[in-house]
Amino acid sequence: SSLLKIEDLRVSVDGTPILKGVNLDIRQGEVHALMGPNGSGKSTLAFALMGHPKYEITGGTVEIDGVNLVDLDPNERARLGLFLAFQYPVTIPGVKVADFLRHAVTNVRNPDRKEGENLIPMREFRKELKGKMEELGMDLEFARRYLNDGFSGGEKKRMEILQLAMLNPKFAILDETDSGLDSDAVRVVSEGVARLSGSTEMGVLIITHHERLLEFNTPQFTHVMLAGRIVETGDASLAAELHNQGYAGVRERHPEAA
Ligand code: ADP
Ligand code: MG
Ligand code: MG
């Protein structure tokens, strides 16, 4: 199986160091949760993994099976098997969910094709989409909706999970820290990740404040970030501790970072 290896990663924003040496190994098939107080650098890690130009990597490496990603553009990272949920935050008028997914899937599977050429055959694509939607317990009608047109919080997350299922990357990074998640959205993500990690070999890093996001998909590993470093790694009981008691205990155990 593949390995996503983050080693001594250092990231600055506008010249200010934010990540100060992050180490994290994720194998395919594993679910990892990343938690930590607001401002600790969780989203910075997600943006840096995505290759966002504002997030300057000043040291360290991010490798998939030994290939360093830090100098690659977001498309090349996607081809190596990395999926970032917010990589596709599009609203294209007149484009339906199914059309969008057919293009997205084609681009990842056949990156050298020219625009307009060689989309995955419709019949094959429909069959695959139907299978995935059934597996995820989704109403097939959803594929006929116009993309992001009046989507509720839960529907946006349904779209995200369906994309994940169709693209089936080696590794998925989901930054779900947004406090705007309603309970339907939380359930869609939690259940969706659980189903995907059960039925695929995907490695998942889910970044969250919400312990409920971890309800269905109990992570094998929970990491805590404080001040730009991962200071603790534990199992699901660490996520529960953080949920029940907050970060006071972690800060006490790591006065150098608090
Ligand atoms: P978290 O996701 O854990 O809440 P962030 O990664 O969003 O933390 O932020 C970490 C630190 O980096 C904060 O001090 C924040 O103010 C700063 N930061 C993050 N992104 C930017 C940005 N685009 N411009 C300026 N500062 C930023
Ligand atoms: Mg934040
Ligand atoms: Mg954040």
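Me: Happy to start with the protein itself: in which helix is the place of Glu155?
Reply: Nice place to begin. This is a predicted model, where local features need pLDDT of at least 70, side-chain atom pairs count only at pLDDT 80 or more, and totals for chains, interfaces and linings use all residues. Side-chain values use heavy atoms, without hydrogens and water. Helices are DSSP runs (H or I, at least four residues) numbered from the N terminus, and Glu155 sits in helix α5 (residues 153-167).

Me: Is Glu155 buried or exposed?
Reply: Buried means under 20% relative accessible area (1.4 Å probe, protein chains only), exposed over 50%, and partly exposed in between. Glu155 has 18% relative accessibility, so this residue counts as buried.

Me: Which backbone nitrogen lies 2.9 Å from a polar atom of the Glu155 side chain?
Reply: Leaving out residues up to four places away in sequence, Glu155 touches Phe142, Arg145 and Gly150, with contact meaning heavy atoms within 4.5 Å. The backbone nitrogen at 2.9 Å from its side chain belongs to Ser152.

Me: On to the ligand: which residue has a backbone N or O atom 2.7 Å from an oxygen atom of ligand 1?
Reply: A polar contact is a pair of N or O atoms within 3.5 Å. The side chain of Asn38 places an N or O atom 2.9 Å from an oxygen atom of ligand 1. The backbone atom at 2.7 Å belongs to Gly39.

Me: Which helix gives the most to the shell around ligand 1?
Reply: Among the residues around ligand 1 are Lys42, Ser43 and Thr44, where near means a heavy atom within 4 Å. With three residues, the top contributor is helix α1 (residues 42-50).

Conventions: Residues are numbered from 1 along each chain as its sequence is written. Chains are lettered from A and ligands numbered from 1 in the order in which they are written. A polar contact is a pair of N or O atoms within 3.5 Å; within protein, one must be able to donate a hydrogen and the other to accept it, and residues adjacent in sequence count only if both atoms are side-chain atoms. Helices (H or I, at least four residues) and strands (E, at least two) are DSSP runs, numbered from the N terminus.
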